[in-house]
Amino acid sequence: MPDLDIAGRKFKVHTLTLADTAAATIRDEAAAIFALFLKREAEFGVHPSVVIDYPDLSDRSLSGFLADAAAYVAKRAASMPDDPAGVAIVVLTTYADVVGSGFAAAGYKTVRIDMPAGPDHTAAFLLPARDPGLAARTLYIEAVNEEDEKIKPSFVLKLTDERGHLCGGACGSIHEREGQRYAYLATMTLAPGVPEGSGSALVAQLVQFLRSQGVAMVHLGTQTAGRFYEKMGFKVEHRLVRNLRARQQDGQEITGDLVMLSMKLQTRQP
């Protein structure tokens with residue numbers, strides 16, 4: 001349980017893994033961190049140039065996303081008030097094995113997203129606006145299986161203050177492929193009001209922990225914190241939607257792109 005001194009305030013980092021903590025406890029701690037994450041994400045709105053749609057994945061009817069994804073997206077795009085020729089489409093899904101052939105037949109470009117510890121069958125399907133001169137809007141569809149057994153949290157880093165209050169944390173999963181260990185960072189967030197530098201301190205603790213677990217590379221996706229992760233040394237693997245999210249800060253508009261990132265932590269030993 002490392003002690004951290006950040007701008008004169010004392011914090012503790014609690015590390016939980018399946019080797020020392022019950023899976024139910026890890027799940028509950030991860031849920032608390034995710035709840036905090038949702039509150040912080042609510043500070044960002046959707047940029048006016050983007051429309052976001054989350055299909056009902058329980059809808060198995062012929063009109064549902066999983067039955068005919070290309071038709072579902074085409075119908076959603078046609079319902080937008082914009083000229084259809086000026087609408088670009090981006091679909092991010094973990095059901096590429098189910099919907100990929102339909103999107104390919106409809107002329108979408110397939111971008112495979114390889115995250116060995118993340119959701120299997122992750123891909124983006126892209127369809128540019130037919131008339132780039134009109135392109136003023138992007139329809140972003142996200143269809144992700146959040147109940148995927150593979151991404152159930154196997155580790156949690158919890159940041160608490162002197163009174164034991166939750167001030168942030170990180171959680172995710174670790175898996176092995178071809179003799180190397182990989183991590184998927186599902187959530188990392190901080191509570192409002194923590195000192196400047198808390199984010200970089202938490203990343204440093206996360207990297208140290210993952211290296212101690214023999215992890216070679218960590219992957220993540222974000223809609224709002226891409227610039228922060230890049231400053232921390234993460235590499236953008238895919239930039240899928242520019243200016244997806246936006247908020248006002250000190251009279252200026254702050255935007256966030258939808259990006260998939262990675263960080264190499266160590267090389268394979270001979």
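Mentor: Begin with some terms. Contact means heavy atoms within 4.5 Å. Helices (H or I, at least four residues) and strands (E, at least two) are DSSP runs, numbered from the N terminus. This is a predicted model: local features need pLDDT of at least 70, side-chain atom pairs count only at pLDDT 80 or more, and totals for chains, interfaces and linings use all residues. Residues are numbered from 1 along each chain as its sequence is written, and side-chain values use heavy atoms, with hydrogens and water left out.

Trainee: Which residues in H2 meet H3?

Mentor: Ala69, Ala70 and Val73 in H2 touch Val99, Gly102 and Phe103 in H3. The axes of H2 (residues 69-78) and H3 (residues 96-105) come within 8 Å and cross at roughly 65°. Axes are lines fitted to C-alpha atoms, for helices over the stretch in contact, and angles run from 0 to 180 degrees between N-to-C directions. By class, this contact has 5 nonpolar, 1 polar and no charged residues. Ala, Val, Leu, Ile, Met, Phe, Trp, Tyr, Cys and Pro count as nonpolar, Asp, Glu, Lys and Arg as charged, and the others, Gly among them, as polar.

Trainee: In what order do the 9 strands of the open sheet come?

Mentor: Two strands pair if DSSP finds at least two bridges between them. Here the order is E1-E2-E9-E10-E11-E12-E14-E13-E3, with mixed pairing. The edge strands, E1 (3-6) and E3 (45-46), each pair on one side only. Helix H1 (residues 23-41) packs on this sheet, touching E2, E9, E10, E11 and E13, and its direction makes about 50° with that of E11. Within the sheet, E12 (residues 215-222) and E14 (residues 252-264) are antiparallel and share 6 bridges. Leucine 220 stands opposite leucine 261 in E14.

Trainee: Where does helix H4 lie?

Mentor: H4 (residues 198-212) lies across E1, E2, E9, E10, E11, E12 and E14, at about 160° to E11.

Trainee: Which residues touch the most other members of the largest nonpolar core?

Mentor: A nonpolar core is a set of buried Ala, Val, Leu, Ile, Met, Phe, Trp, Tyr and Cys residues joined through side-chain atoms within 4.5 Å. Buried means under 20% relative accessible area, exposed over 50%, partly exposed in between (1.4 Å probe, protein chains only). Of the 33 residues in this core, Leu185, Met188, Leu206, Leu210, Val218 and Phe234 touch the most other members. H4 gives the largest share, 7 residues. Apart from this core lies another, of 23 residues, including Val51 and Leu57.

Trainee: Is arginine 245 buried or exposed?

Mentor: Arginine 245 is buried, because its relative accessibility is 11%. Arginine 245 belongs to strand E13. A polar atom of its side chain lies 3.0 Å from the backbone oxygen of phenylalanine 44. A polar contact is a pair of N or O atoms within 3.5 Å; within protein, one must be able to donate a hydrogen and the other to accept it, and residues adjacent in sequence count only if both atoms are side-chain atoms.

Trainee: What is phi of alanine 7?

Mentor: Most residues other than glycine have a negative phi. Phi of alanine 7 is near 55°, a positive value. Alanine 7 sits in the loop between E1 and E2 and is exposed, at 65% relative accessible area. Histidine 121 also has a positive phi, near 60°. That residue is in the loop between E6 (109-112) and E7 (123-127), and histidine 121 is partly exposed at 45%.
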